[in-house]
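Please walk through the structure below with the sequence at hand.

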Amino acid sequence: MRDAAPKTIYLSDYTPYPWTIESVDLHFTLDPHATRVRSVIRFAPNPAYVEDPDAPLPTMFLHGEKVKLIWAEIEGIPVDATITDEGLTTAVPSGPFTWEAEVEIDPANNTALEGLYMSNGMYCTQCEAEGFRKITYYPDRPDVMSVFTVTIEGPHPVLLSNGNPVTSSKHLAKWHDPWPKPAYLLALVAGELISHHNTFTTKSGRKVDLNLYVRPGDEGKCAFGMEALKASMKWDEEVYGREYDLDLFNIVAVDDFNMGAMENKGLNIFNSSAVLASPETSTDMNFERIEAIIAHEYFHNWTGNRITCRDWFQLCLKEGLTVYRDSQFTSDMRSAPVKRISDVIDLRGRQFAEDQGPLAHPVRPESFQEINNFYTATVYEKGAEVIGMLKTLVGDDAYYKAVELYFTRHDGQACTIEDWLAVFEETTGRDLTQFKRWYSQAGTPRLSVEESFELDTLTLTFTQHTPPSAATPNPEPQVIPIALGLIYPDGTEALETRILEMTKAEQSFRFTGLEDQPVASILRGFSAPVVLTHNLSDADRAHLLTHDTDPFNRWEAGNMLGRNAMLAMIREGTAPDPAFLQATKAIATDETLDPAFRDLMIGWPGPSELATVLHEAGEVPDPEQLFEVSEEMRNAMAETFADAAPEIYARHNVTEPYQPNAEQSGKRALTNVMLAFISRHSGTATAQKQFDNADNMTQQISALSQIVRHGDGAPALAAFYDQWKDDRLVMDKWFGLQVSCSKPEEAAATAQRLTGHPDFNHKNPNRFRAVFGALAAYHDAFHHKNGAAYTLLADWLIILDPLNPQTTARMCSAFQTWKRYDTDRQAKILAEVDRILATPNLSRDTTEMLTRIKGA
Ligand code: TRP
Ligand code: ZN
C-alpha cells in the first residue's frame with residue numbers, strides 16, 4: 001500500500017532545538033508560479049541544549065517541503081547540503097552564524113492551502129501547524145521563536161505582513177514584528193483588497209489602527225466583524241487585563257481556507273465565512289459564530305502568540321484556553337445559559353462521539369503522524385472543559401490570580417501543560433497530579449449516582465468509570481467537580497449550588513438536617529465532561545424542569561425526558577410520550593421565559609445522539625428506524641402545537657429592523673421552530689409568505705427549508721438561486737440546504753447531482769463542505785442502507801486527497817462511528833475506507849485518519 005512506513009512522532013522524544021534564532025529577514029518576490037523567497041537567518045547555539053557541551057554541534061536540519069533551493073550560504077560560503085522531501089541537512093560552524101538562502105515556490109499550484117497559496121488572485125499564507133516549511137527552509141517548530149522582518153515585492157495595491165509597517169512604496173512593503181514568534185504565526189497577504197478601517201484605544205491610551213481587508217464587493221459585510229473585534233479587545237482588557245501590543249491589527253478575509261481562521265500575529269487571516277456578515281446574507285447563527293471566532297483569534301494574541309506552545313503535543317495549551325476564553329466572552333455578550341447549553345450539545349455531538357470511537361485521544365496526545373489531524377473536538381472543546389473544571393475547583397479569584405501569574409511568568413515563552421498547571425499549584429497550594437489525568441487520559445468518564453434518604457439525611461454515592469480505549473487501556477479515576485443542588489418537593493432550594501470534589505472510583509457525600517427528601521440536581525452547569533447516569537423518575541425530572549434554579553439542569557431535565565420518550569419509541573414501539581409533549585408545550589408557551597431558552601427547550605435528541613446512546617447501551621442503532629421515530633415525534637409535536645404555534649409565531653415574529661443581537665435572534669429561533677411545526681401541520685403558506693417578505697437571511701433560509709421539506713421546493717430554490725448566485729457564502733447555504741432537506745434515501749443522489757452543478761468547486765473547502773459536510777451530518781441519509789452516501793463521499797475524498805489532504809482527512813471523520821452499526825453497514829463502510837486507503841500516493845493525513853478509524 002505505502003512504500004515508506006509512516007513516521008510516528010512522540011511527545012516523550014522532545015528535545016530542545018540546538019540553536020536559537022536572533023532574527024529572520026524574509027524577502028518575497030511574488031509571482032504566481034515562481035515566487036522567490038530570500039532568507040537571512042541569524043543562528044546562535046542554544047544554551048538550553050545541553051546534550052554534550054564538548055562535542056561539536058550536530059549537523060543542522062532545516063525543514064523544507066516543496067521548495068526549490070536556488071542557493072544557500074553560511075557566513076557567505078556556499079552550503080553543501082543534503083536535501084530530502086522533508087528538509088535539508090548541512091554542517092554548520094560551532095558559534096553563531098548567518099544562514100542566507102533563496103528558494104522558489106509555486107503558490108498558484110498550491111491547492112493544499114498550506115504555506116503560500118493563491119485564492120481568487122490574492123496571495124495568502126497558512127503556516128499553522130507545519131506550513132512554514134513550504135515557504136522556505138527553517139526550523140519549523142513552535143519552540144524556535146524569533147523576530148521577523150518581511151519585505152514583499154509585488155504588483156498589488158495591498159501588501160501585508162505581521163507587525164508594523166516599516167517602509168512602503170509602490171510595489172514594495174517592509175514589515176517588522178517586534179514580538180518574537182514561532183514561524184507558524186507568520187503571515188503574508190497580497191492582493192487587490194479594500195480596507196474597512198476603525199480604531200481602538202487601549203486602556204493605557206494607545207491608539208490601535210484596525211483594518212478588515214476584503215475583496216471589492218464585500219465592503220458591506222465588514223461592520224459586524226469590526227464591532228466584534230473592538231468588543232473582544234475591550235473584554236480582554238476588562239476580564240483578563242490583557243492589552244493589545246502593536247499599533248496595528250489587521251484581519252483579512254479569504255475565500256479558500258481549510259479552517260475557520262488563524263491568529264497570525266497582528267494579521268489574522270479568516271475564512272470569509274467566519275468574518276463576513278450582513279443581515280441579508282448571514283443568519284443569526286452566522287453572526288454569533290463570527291463574533292466568537294473573531295474573539296477567539298484575537299484572544300490568541302496572549303494565549304497562543306505571546307505565550308505559545310513548546311511543541312504541537314501542547315496544542316490544547318493555547319486552544320483549550322482560548323476556546324474557554326471565547327466561550328466566556330460569548331456568555332457575557334449574549335445569554336450565558338443559552339451559550340452553555342449550546343456548548344454542551346456540541347460537546348456531546350462531536351467530542352463524545354470522538355471519545356467513544358477509534359479516534360479517541362487525550363486532550364494532550366502523546367503521539368501523532370500528522371499534527372493537522374489533531375485539531376479536534378477533544379483538543380479544543382474538551383480542552384476548554386478542562387479549564388472550566390479547573391476554575392470551578394479553585395474558584396474565580398484563584399483562577400484569575402493563577403492566569404495572571406502565567407502571563408507574567410511565561411510571556412515570550414513556548415510552554416507546556418506542566419507550566420500551566422504549575423501556576424495553579426503555586427497560587428492555590430493544591431496538588432494537581434491527579435487532575436492532570438484530564439490531559440493524559442482519553443475517554444469520557446461514566447459517572448453514576450445512587451441515592452438514599454433516611455430521616456433527615458441524604459446520601460449520594462457516586463461511581464466513576466472510564467471505558468478503556470486504544471489510547472488509554474487502563475484509565476484511572478479522575479478528579480470530577482460535581483456541582484450539586486437540592487430541590488424540595490415544594491420547589492424551594494434545600495441547598496445552594498455546592499461543588500463536590502470526587503477523586504475516587506467510588507465516593508459518598510452526606511447531607512443532613514434536611515426537612516424532606518429533596519430531588520438532587522446533579523452536575524449543574526454541566527460541571528464536568530462526563531456521561532451521567534442518574535436514575536430519576538420522570539416525575540422528578542418534571543420537578544427539576546419546573547423548579548431547578550440552574551438553567552442548564554432545567555434544560556437537561558427536559559432533554560432527558562425527551563430522550564426517554566425517544567428511547568421508549570425505539571425500544572418498545574410506544575407512541576410519543578404525551579407528558580413530554582405537554583411539558584414541552586408548557587415551556588414553549590411560558591411567556592415569562594426568554595425566547596432563546598424556550599427554543600432550546602423545544603428539542604429532543606436527534607438521530608445521531610440517539611445512536612450514541614444506543615451504542616453506549618450495547619444496542620445496534622437502526623438509522624431507518626431512528627428516522628421514522630424522529631418523524632413521528634415531529635408529527636406529534638406539530639399536532640400538539642397546532643393551536644399554539646401560529647400564536648407564538650405571530651407574537652414573536654420580529655418585524656423591527658434586523659439586529660443580530662441575542663434578543664432578536666432568540667425570537668427568530670423560536671418563531672422558526674414554530675414555522676416548522678406549522679409547515680408540517682398545515683402546509684407551507686406561512687413559510688412562503690415569510691420567504692417572500694424576508695429582508696434577512698435567517699428568515700429567508702428557514703422559510704426556504706420548510707418549503708423544500710413540505711411543499712414544492714423547485715420554484716423557491718430557483719428564485720433563491722437567481723437572487724444569490726453571485727454571493728459565494730449564500731450559495732454555500734443553497735448547496736447545503738438541498739442535501740439536508742432531501743429525504744434520507746435521496747440525499748446522496750441530491751449531493752451527487754449538485755457536484756455536477758457549474759457552481760460546484762471541490763477545490764474550495766467551503767463549497768466541498770457545504771455538500772459533503774451536510775451529507776455526513778445527516779445521519780439517516782449518510783447511513784442509509786443503500787450505502788450510496790458512503791460510496792459518493794469516498795469517491796470525492798479520493799478526488800480531493802491529492803489536492804487538499806487536510807480537508808480530505810477532516811472529512812474522513814464521517815466514518816468514525818462505523819462500529820456502531822449492523823454488520824452490513826460496517827462492511828459497506830470498511831469497503832469504502834479500504835478503497836480510499838488503496839489509492840496510490842494517498843496523503844499522510846488521510847492515511848493516518850483512516851488507519852486509526854479502522855483500528856488495529
Ligand atoms: N489556530 C487556528 C485556531 O484555532 C486553527 C487553524 C487555522 C488551523 N488554520 C489551520 C489549524 C490550519 C491547522 C491547520 O484559531
Ligand atoms: Zn484557536
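The buried residues of helix H1 pack against strand S17 (194–201), strand S18 (207–214), strand S19 (248–254), helix H2 (284–299), helix H3 (315–333) and helix H6 (396–410). This is a predicted model, in which local features need pLDDT of at least 70 and side-chain atom pairs count only at pLDDT 80 or more, while totals for chains, interfaces and linings use all residues; side-chain values use heavy atoms, with hydrogens and water left out. Residues are numbered from 1 along each chain as its sequence is written, and chains are lettered from A and ligands numbered from 1 in the order in which they are written.

Helices (H or I, at least four residues) and strands (E, at least two) are DSSP runs, numbered from the N terminus. Buried means under 20% relative accessible area, exposed over 50%, and partly exposed in between, with a 1.4 Å probe and protein chains only. Contact means heavy atoms within 4.5 Å.

H1 covers residues 223–240, 18 residues in total. From its first C-alpha to its last it reaches 25 Å, close to the 26 Å expected at 1.5 Å a residue; the expected span is 1.5 Å times one less than the number of residues. The buried residues of H1 include Phe-224, Met-226, Leu-229, Met-233, Trp-235 and Tyr-240. Just after H1, Gly-241 takes a positive phi of about 65°.

Next, the sheets. Two strands pair if DSSP finds at least two bridges between them. An open sheet with mixed pairing is formed by 8 strands in the order S6-S5-S9-S3-S2-S12-S15-S14. Strand S6 (77–78) and strand S14 (164–169) stand at its edges with a single partner strand each, so one side of each is left without a neighbour in the sheet. S14 runs antiparallel to strand S15 (residues 172–181), to which it is joined by 5 bridges. Thr-167 has Lys-174 in S15 as its bridge partner.

Within this sheet, strand S2 (residues 19–29) and strand S3 (residues 35–45) are antiparallel and pair over 10 bridges, with a hairpin of 5 residues joining S2 to S3. Asp-25 stands opposite Val-40 in S3. S3 also pairs with strand S9 (residues 97–105), in the antiparallel sense and over 9 bridges. There, Val-40 stands opposite Glu-100.

Another antiparallel pair is made by strand S26 (residues 457–465) and S29, over 6 bridges, and Phe-462 stands opposite Gln-507 in S29. Side chains alternate along S29 (residues 506–511).

In soluble globular proteins, nonpolar side chains tend to be buried together. Here the largest nonpolar core has 270 residues; such a core is a set of buried Ala, Val, Leu, Ile, Met, Phe, Trp, Tyr and Cys residues joined through side-chain atoms within 4.5 Å. Trp-99, Trp-420, Phe-435 and Phe-815 have the most contacts inside it. Leaving aside neighbours within four places in sequence, the contacts of Phe-815 include Phe-782, Tyr-790, Leu-797, Ile-829 and Ile-853.

His-296 lies in helix H2 and Glu-319 in helix H3, so the pair ties together parts that are 23 residues apart in sequence. His-296, at 7% relative accessibility, counts as buried, and Glu-319 does so at 1%.

Two loop residues remain. Ser-273 lies between strand S21 (267–271) and H2, and at 22% relative accessibility it counts as partly exposed. Beyond its neighbours within four places in sequence, Ser-273 is in contact with Arg-289, Ile-290, Leu-729 and Asn-766. Pro-758 is found in the loop between helix H21 (747–755) and helix H22 (765–777); at 74% relative accessibility, Pro-758 counts as exposed.
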